[in-house]
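Visitor: Please show me how to read this fold, feature by feature.
Guide: Gladly. Have the view open as we talk.

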Amino acid sequence: MKLQHATWPEVEAYLQHSKGIVIPIGSTEQHGPTGLIGTDAICPEAIAEGLSEQGILIGPTLSIGMAQHHLAFPGTITLKPSTLMAVIKDVITSLKGHGFRQFMFLNGHGGNIHTTETAFAEIWAEHSLDRQASELSMKLVNWFQGPKVRALINELYGEADGWHATPSEIALTWHAYPDQIRDVPVEPEQAPFGEIRDAFHYREQFADGRIGSKPQLATLDHGRQFYEAGVADALAAWASLTQSD
Ligand code: NI
């Protein structure tokens with residue numbers, strides 16, 4: 001069930017049997033010479049589609065994240081950490097007012113991790129300082145770190161998955177949008193690894209945008225396997241979030 005495709009009476013009825021919602025969160029940023037700008041939003045949204053088929057309510061994708069380090073490449077859009085925190089807090093507060101209590105943010109972008117966790121900590125801190133029990137469970141789930149997905153990455157690519165513009169995420173976008181496959185030369189074969197600072201430092205270090213990855217290894221069939229592994233991992237995370245309350 002998707003929030004964007006539901007009516008308010010349907011949401012009211014859903015709240016009679018569940019207080020949980022999944023919010024896909026991603027980024028709009030360069031993904032090397034072959035990866036789509038929307039990769040980090042497309043991946044969690046694709047996996048959320050599988051959760052939706054199980055009757056779990058899926059909120060609208062937060063498709064702009066914290067991507068300052070990619071700004072030296074055309075097409076990237078960022079929110080500052082403080083802006084993203086404010087967005088996350090407002091989304092949770094809006095939904096809390098309707099009765100939602102369990103929030104699973106299904107994330108596709110490493111650069112969102114610290115900011116999202118800090119937004120959760122801010123909300124809990126405000127409740128604690130007000131001496132009010134918050135009743136909220138908030139969990140960040142990075143689809144690319146689930147146990148089944150990690151096992152598949154190790155089996156298919158090993159270290160060549162790299163850190164950015166990875167074959168695993170690119171394969172999953174191909175599964176979601178098979179008409180958007182790019183076949184262009186990638187040099188060098190495997191990108192360098194290194195430290196991430198600001199946007200200009202990033203472009204100096206990583207000329208074509210990749211970090212440590214060999215996205216040429218991606219295939220459409222891998223994309224289907226990542227979809228299935230990602231849905232299984234996300235369902236397990238959802239079960240632990242909703243059954244612990
Ligand atoms: Ni990515």
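Predicted model: local features only at pLDDT ≥ 70, side-chain atom pairs only at ≥ 80, totals over all residues.

Visitor: What describes two packed helices in general?

Guide: The angle between their axes and the distance between the axes.

Visitor: Which residues of helix 2 and helix 6 meet?

Guide: From helix 2 come Thr 39, Asp 40, Ile 42, Cys 43, Ala 46 and Ile 47; from helix 6, Glu 169, Leu 172, Thr 173 and Ala 176. By class, the residues of this contact are 6 nonpolar, 2 polar and 2 charged.

Visitor: Which residues are the protein donors of the nickel ion?

Guide: His 31 through NE2, Asp 40 through OD and Glu 169 through OE. They lie 1.9 to 2.2 Å from the nickel ion. Along the chain, the donors follow the spacing H-x8-D-x128-E. Asp 40 belongs to helix 2 and Glu 169 to helix 6, so the pair ties together parts that are 129 residues apart in sequence.

Visitor: Are Asp 40 and Glu 169 buried or exposed?

Guide: Asp 40 and Glu 169 are both buried.

Visitor: Where is His 109, and what is it in contact with?

Guide: His 109 sits in the loop between strand 2 (102–107) and helix 4 (113–129). Its relative accessibility is 4%, so His 109 counts as buried. Beyond its neighbours within four places in sequence, His 109 is in contact with several residues, including Asp 40, Glu 29, His 69, His 70 and Phe 144.

Visitor: Back to helix 2. At what angle does it pack with helix 8?

Guide: Helix 8 spans residues 220–243, and it packs with helix 2 at about 60 degrees, the axes being 9 Å apart. Helix 2 is therefore oblique to helix 8. This crossing is right-handed. Ala 46, Ile 47, Glu 49, Gly 50 and Leu 51 of helix 2 meet Tyr 227, Gly 230, Val 231, Ala 234 and Leu 235 of helix 8. The contact divides into 7 nonpolar, 2 polar and 1 charged.

Visitor: How far is Met 85 from Asp 40?

Guide: In sequence, 45 residues; in space, 18 Å from C-alpha to C-alpha. Met 85 is part of helix 3 (residues 81–98). With a relative accessible area of 16%, Met 85 is buried. Leaving out residues up to four places away in sequence, Met 85 touches Thr 115, Thr 118, Ala 119 and Glu 122.

Visitor: Now the backbone. What do most residues and peptide bonds do?

Guide: Most residues other than glycine have a negative phi, and most peptide bonds are trans.

Visitor: Which residues does the cis peptide bond join?

Guide: Glu 187 and Pro 188, with omega about -10 degrees. Pro 188 is in the loop between helix 6 and helix 7 (199–205).

Visitor: And what is the phi of Arg 131 and of Ala 165?

Guide: Arg 131 is not a glycine, yet its phi is positive, about 55 degrees. Arg 131 is in the loop between helix 4 and strand 3 (137–142), and it is exposed, with a relative accessible area of 74%. Ala 165 also has a positive phi, near 60 degrees. Ala 165 lies in the loop between helix 5 (147–156) and helix 6. Ala 165 is buried, at a relative accessible area of 0%.

Key:
Residues numbered from 1 in each chain as written. Heavy atoms only, no water. Contact = heavy atoms within 4.5 Å. Helix = DSSP H or I, 4+ residues; strand = E, 2+ residues; numbered from the N terminus. Nonpolar A, V, L, I, M, F, W, Y, C, P; charged D, E, K, R; others polar. Donors = N, O, S within 2.8 Å, 3.2 Å for Na, K, Ca; no water. Buried < 20%, exposed > 50% of the residue type's maximum accessible area, 1.4 Å probe, protein only. Axes fitted to C-alpha atoms, helices over the stretch in contact; angles between N-to-C directions. Parallel < 35°, antiparallel > 145°, perpendicular 65-115°, else oblique. Left-handed = near helix turned anticlockwise from the far one by under 90°.
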